[in-house]
Amino acid sequence: SDTPSLPDDGDNQIDMEMKAVWVPFMSMDMSNGEKGREVFEKKVDDIVENVKTMGFNTLIVHTRPFGDAIYPSSYYPWSHILTGTQGMDPGYDPMEYWVEAAHEAGLEIHAWINPLRIKAGQTPSELSSNNPYYMWQNDTIAENNQWIAELESGIYYNPAYDGVRKYIIDGVRELVEKYDVDGVHMYDYFYPTQDESFDKSAYDAYCASVEGEGEPLSLADWRKQNINMLVSGIYSAVKSIDPNIVFGISPQGNMENCEGMYADIATWGSTEGYVDYLCPQMYFTFENSYQPYGEVASEWRKLVSNPEIKLYAGLGLYKAGSDDDNGQWAESDDIIRREIEYAQSQEYDGFMLYSYDYLQTEQTEKEVENILECINQNYQ
């Protein structure tokens, strides 16, 4: 399909509240290279300076990538990205430096967490002895042996259990109490599988607990309820500490995939008490035959119906100039720019680019030039 027409508003200047860049753990990973405080702080300084100079206003920083943390935590081991070994104290507080550097540059910073992921494939290569994966297996409490699930794709916290949800929520509470972050950001890791065996014992226990009280929820609705309790619990914890800190989620742009992960996007977009913003990952071109960007962006605009909930466009800068999607991304060097303009025409409140590493590559150079021209017209 053709690019949807934009309203004739002169130069389509972009004046949006949110102009953010995701900074994934790979952007600050020191596990296979030079390590230490000076190296880390130099990485942070470079990222902050570049993002500020380019005209963005917010950093979405990977703070808890693998059931670990880039700060001293009572709940999670030190991340392996700092020293190469999970659980090893790097001797400084990386998160403290991130917050100070961002704020000194006038940027907002959102702490990005992956709530359920402990290990993805072979990353990290080894889990520390103080990882809950081992702690819960080795204690004397039988129930918490079920709190973690192992799949071919990796190891995950199981959100079916009250204790797991509380653990994750308490971890967010700790993060927000310790650091002057402007937001907490959850990426799209919800249920990692649709396999009924993933949480069968918990679901059977639930069904037994409501016997005689009416029909139990279906497995799908029960799983969706579990995720909703986690999401609303995080929201409440954040707001109880500081109502000005925002909590947002970046679900997959494909709504069917969200349903398959038991992410209740319709409730989150319409009902207060879950999120302050949604940022669907719409990593598609306008010409995508299955998920054309214009149609997907319009569907999300309709879904986020509560005016108190912000809607941001998650855009796949990493695809620009590549041969992804049968070469569609290589056909033009202003796809992301047009997507930002279209989002503004649909009354989106801003956008986020994935990811920082693609702001300065030969592959994306022309696309980035067009993006920067677009977002900085009002800010000379």
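Student: OK, how confident is the prediction, as a pLDDT average?
Tutor: The average pLDDT of the protein is 94, and 96% of the residues score at least 70.

Student: And where does pLDDT stay under 50?
Tutor: Over residues 1-10. For that stretch the model has 16 contacts beyond four places in sequence.

Student: Back to α12. How many of its residues are buried?
Tutor: Ten of the eleven residues of α12 are buried, so the helix is mostly covered. The buried ones are Ile335, Ile336, Arg337, Arg338, Glu339, Ile340, Glu341, Tyr342, Ala343 and Gln344.

Student: How do α12 and α13 sit against each other, by distance and angle?
Tutor: The axes of α12 (residues 335-345) and α13 come within 7 Å and cross at roughly 30 degrees. Angles under 35 degrees count as roughly parallel, which means α12 is roughly parallel to α13.

Student: Which residues make that contact?
Tutor: From α12 they are Ile335, Ile336, Arg337, Ile340 and Glu341. From α13 they are Glu367, Asn370, Ile371, Glu373 and Cys374. By class, the contact of α12 with α13 has five nonpolar, one polar and four charged residues.

Student: Now α5 and α7. How do their axes cross?
Tutor: The axes of α5 (residues 162-178) and α7 (residues 219-241) come within 9 Å and cross at roughly 25 degrees. That makes α5 roughly parallel to α7.

Student: Is the crossing left-handed or right-handed?
Tutor: The crossing of α5 and α7 is right-handed.

Student: Which residues are in that one?
Tutor: On the α5 side, Arg165, Ile168, Ile169, Val172, Arg173, Val176 and Glu177. On the α7 side, Asn226, Met229, Leu230, Gly233, Ile234, Ala237, Val238 and Ile241. The residues of the contact of α5 with α7 divide into ten nonpolar, two polar and three charged.

Student: What about the bond from tyrosine 354 to serine 355?
Tutor: The bond from tyrosine 354 to serine 355 is cis, with omega near 5 degrees. Serine 355 is in the loop between β11 (350-353) and α13 (365-376). Most peptide bonds are trans.

Student: Back to phi. What value does tyrosine 262 have, and where is this residue?
Tutor: Phi of tyrosine 262 is near 65 degrees, a positive value in a residue other than glycine. Tyrosine 262 is in the loop between α8 (255-260) and α9 (265-270).

Student: Buried or exposed?
Tutor: Tyrosine 262 counts as buried because its relative accessibility is 8%, and the cut-off for buried is under 20%.

Student: And asparagine 326, what is its phi?
Tutor: Asparagine 326 has a positive phi of about 55 degrees, although it is not a glycine. Asparagine 326 lies in helix α11 (residues 324-327). At 79% relative accessibility, asparagine 326 counts as exposed.

Definitions and conventions:
Residues numbered from 1 in each chain as written. Predicted model: local features only at pLDDT ≥ 70, side-chain atom pairs only at ≥ 80, totals over all residues. Heavy atoms only, no water. Axes fitted to C-alpha atoms, helices over the stretch in contact; angles between N-to-C directions. Helix = DSSP H or I, 4+ residues; strand = E, 2+ residues; numbered from the N terminus. Parallel < 35°, antiparallel > 145°, perpendicular 65-115°, else oblique. Left-handed = near helix turned anticlockwise from the far one by under 90°. Contact = heavy atoms within 4.5 Å. Nonpolar A, V, L, I, M, F, W, Y, C, P; charged D, E, K, R; others polar. Buried < 20%, exposed > 50% of the residue type's maximum accessible area, 1.4 Å probe, protein only. pLDDT = per-residue confidence, 0-100.
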